[in-house]
Amino acid sequence: MTDDIDTDRPADPTRRMALGGGLGAAAAAVIGARAARAQNNPSGDLAGKTAFITGGARGIGLASAEEMAKAGANIVLFDIATPSLPPVAYALSSPADLAAAQARIEALGAQCMTYQGDVRSLEDQQVAMQQAVDRFGSLDIVVANAGVGHAGPIESVTADEISILYETNVGGYYKTTQAAVPHLRNAGGGRIIYISSGLSRTGNGIFGSYGATKWAVNGFAKTAALAYGRDGILCNVVAPGLVRTPFADNAAVLSAILPDAANPTFDDVSAAIASGSTLGIGHHEPEDIAKAVMFFTGEASRQMTGEIMDVSYGDAARSVA
Ligand SMILES: NC(=O)c1ccc[n+]([C@@H]2O[C@H](COP(=O)([O-])OP(=O)(O)OC[C@H]3O[C@@H](n4cnc5c(N)ncnc54)[C@H](O)[C@@H]3O)[C@@H](O)[C@H]2O)c1
């Protein structure tokens, strides 16, 4: 009977368990979801897949979600949606941002659900992912993206700042992975894309503490690739340079990069980076990073895991390896 519900997936006893008790209601939900996604983009490369994006209310996460929605995926946007989160020095997303993000995804014809939760909580992510599977029938792609930034020299970073950086950027990615793997196994495999940073490739005097968390992300992603390769779960990293999002376009970051300028703008900073960059550009737009994320969701990367893809206006050409 389960196979009648979802005939495009192989029979799998663990998946039956996930759909579990109350099969009548679950069956109705899955049938409804399949009918809805058939209106979405049935010919897209990700038709019938479900993608879960942490930090999906804006920025790189939302742009990645939009690309996947255009390819036919069902989208789950998970975000803390809490603007003030001390000691973070800039505003995170609001509930209105999360609602607006959902509207943007739905305007593309995709199914979209949102969940207001914290990546520092394993339970939040387990509940959100179970709700996604109950509604859409599977979980296939996860983008571990929610992160917070910090500017300042090593001797000035506070204990609370160290805690939130590591608990979000490193602990959060662990918990996203822990919550996702059982569902990806049930789907017969899947993709996890970890958003790291160009600051994971070198030391940095301004963003060194943040950068250190992103070095940890690269190492964690390679460990996850080893752990889950035989399950068909491919784990890869996208490492962006400066991207025009509120994470970077805020006073704390801009004045840390250009300390001698009065009220520097994002474009001032971009121009300064461009003057020395390999490609002569000083930032990317979120859509540029989303295209790299898309690569790791698709057929072209089906035999790749443990990779790190830099999208950093050519800074990779200066890396040691
Ligand atoms: N913008 C850049 O220049 C840049 C460069 C390299 C890497 N990155 C990385 O890309 C990722 C996305 O960054 P962005 O630029 O889109 O940032 P952003 O601040 O625009 O978006 C991040 C989203 O994550 C959410 N979030 C933060 N903490 C959370 C938590 N504990 N639980 C759930 N959601 C949470 C925020 O509300 C926000 O919606 C981050 O991991 C960041 O480190 C950004």
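**Around the ligand, and further out**

The ligand is surrounded by 32 residues, with D79, S93, N145, Y210 and T245 the closest; a residue gets into this shell if one of its heavy atoms lies within 4 Å of the ligand. This is a predicted model, so local features need pLDDT of at least 70 and side-chain atom pairs count only at pLDDT 80 or more, while totals for chains, interfaces and linings use all residues. Residue numbers start from 1 along each chain as its sequence is written, and side-chain values use heavy atoms, with hydrogens and water left out.

What sort of residues make up the shell around the ligand? They divide into 16 nonpolar, eleven polar and five charged. Here Ala, Val, Leu, Ile, Met, Phe, Trp, Tyr, Cys and Pro count as nonpolar, Asp, Glu, Lys and Arg as charged, and the others, Gly among them, as polar.

Next come some polar contacts, meaning pairs of N or O atoms within 3.5 Å. T245 puts a polar side-chain atom 2.5 Å from an oxygen atom of the ligand. N145 uses its backbone instead, with a polar atom there 2.7 Å from a ligand oxygen. V119 also takes part through a backbone N or O atom, which sits 3.0 Å from a nitrogen atom of the ligand. Taken alone, the ligand exposes 830 Å², and the protein buries 99% of that; such areas come from the Shrake-Rupley method with a 1.4 Å probe. The elements giving two or more residues to the shell are α4 (59–70), α7 (159–186) and α8 (208–228).

Now for Q125, found in helix α6 (residues 122–136). Is Q125 buried or exposed? It counts as buried, because its relative accessibility is 0% and the cut-off for buried is under 20% (exposed is over 50%, partly exposed in between, with a 1.4 Å probe and protein chains only). Leaving aside residues up to four places away in sequence, Q125 touches F52, T54, F78, D118, V119, G172, K175, T176 and A179, where a contact means heavy atoms within 4.5 Å.

Zooming out, the protein chain has eleven helices and seven strands, both taken as DSSP runs (H or I, at least four residues, for helices; E, at least two, for strands) and numbered from the N terminus. Of its 321 residues, 53% count as buried. Among contacts in the chain with a separation of 6 or more, 72% come from residues 24 or more positions apart. The chain exposes about 13600 Å², with carbon and sulfur atoms supplying 56% of it.

Notes:
Polar contact = N/O pair within 3.5 Å; in protein donor to acceptor, adjacent residues only side chain to side chain.
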